[in-house]
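Have the viewer ready and follow along.

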Amino acid sequence: MNELESLLQLNKMLLAESPQYLAQAAAFPPDAEAQWRLFRSLVNVRAPRPAGGDFLALQDSLLQKITACKGVTAFHSLTPMQKGLYLWRGDITTLQTDGIVNAANSGLTGCYHPCHQCIDNAIHTFSGVQLRLPIIKAQGRPEPAGQAKITRAYNLPCRYVLHTVGPAVAGAPSQKDRDLLASCYRSCLALAEKHGLRSIAFCCISTGEFHFPRREAAEIAVKTVKEYL
């Protein structure tokens, strides 16, 4: 089954469980690019719930092929900038390491805005619909900023995803914002150590939708990681 055939079949199954989107889906042309946008939209808005074996097998095969085509970067191929510290610019969903960090929202179950460009949306899209389930089962309340949870990575080339909620700022960050951001890094590192991870890739937490100034956030990240190590 080629990519378009897989997408058409997957979208058919998604629409069967969410028929309220049938009229909108009819506007998408039957080509691979459009059907991928439809697939991503449907999985983005899909509530956390189990999926059938046929769907998961087809989804997993498709996502793994797409990631392979994008190109996977192995952590051990990188050159450290300082002892134990690396700087890499790229698509974190293609990084092969023990764990990657997701800058999550307080619900921890991903971004529900179709095809949104945030890292939370990308990680949930390319990991697969399975990623939402273990969190919803364990999470009975909004996740406070500065803490972390860990899940399997499913179809990502890493082994685990660590989910942390950074501070959302308006204007200049307060000392509380800085402390919470540092706590995100410490919580992820402690959780990674507890689960035996030897390598972990951080995105620059809170610098996207949560508007923490990038330079200061990077300084806090490096300082906190070095102190932990």
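A disulfide is a pair of cysteine sulfur atoms within 2.5 Å. By that rule, the count here is zero disulfides. Cys 69, for one, is in no disulfide, and its nearest cysteine sulfur, in Cys 158, is 18 Å away. Cys 111 has its closest cysteine sulfur in Cys 118, at 3.8 Å, which is too far for a bond.

Before going on, some ground rules. This is a predicted model, so local features need pLDDT of at least 70 and side-chain atom pairs count only at pLDDT 80 or more, while totals for chains, interfaces and linings use all residues. Residues are numbered from 1 along each chain as its sequence is written, and side-chain values use heavy atoms, with hydrogens and water left out.

How hidden are some of these residues? Buried means under 20% relative accessible area, exposed means over 50%, and partly exposed is in between (1.4 Å probe, protein chains only).

| Residue | Relative accessible area | Class |
|---|---|---|
| Cys 69 | 72% | exposed |
| Cys 111 | 6% | buried |
| Thr 67 | 3% | buried |

Thr 67 sits in helix H4 (helices, H or I with at least four residues, and strands, E with at least two, are DSSP runs numbered from the N terminus). Apart from neighbours within four places in sequence, Thr 67 is in contact (heavy atoms within 4.5 Å) with Val 72, Thr 93, Thr 94, Phe 126 and Pro 157.

Now for the core. In soluble globular proteins, nonpolar side chains tend to be buried together. A nonpolar core is a set of buried Ala, Val, Leu, Ile, Met, Phe, Trp, Tyr and Cys residues joined through side-chain atoms within 4.5 Å. The largest one has 48 residues, and Phe 39, Ile 100 and Leu 156 touch the most other members. Elements that each supply at least two of its residues include helix H1 (3-17), strand S3 (99-103) and helix H7 (175-194). H7 gives the most, with eight residues. Beyond its neighbours within four places in sequence, Phe 39 has contacts that include Leu 7, Leu 10, Phe 55 and Leu 63.

Finally, the hole. On a 1 Å grid over the protein atoms alone, a cavity is a set of points where a 1.4 Å probe fits but cannot get out, and lining residues have an atom within 4 Å of a point. Its volume is the space filled by probe spheres set on the points, which are joined across faces, edges and corners. The structure holds one cavity of 30 Å³ or more, and the largest cavity has a volume of about 90 Å³. Among its lining residues are Val 43, Gln 59 and His 124.

Key
1 Å grid on protein atoms, 1.4 Å probe; cavity = no way out; pocket = protein on both sides within 12 Å on 5 of 7 lines; lining within 4 Å.
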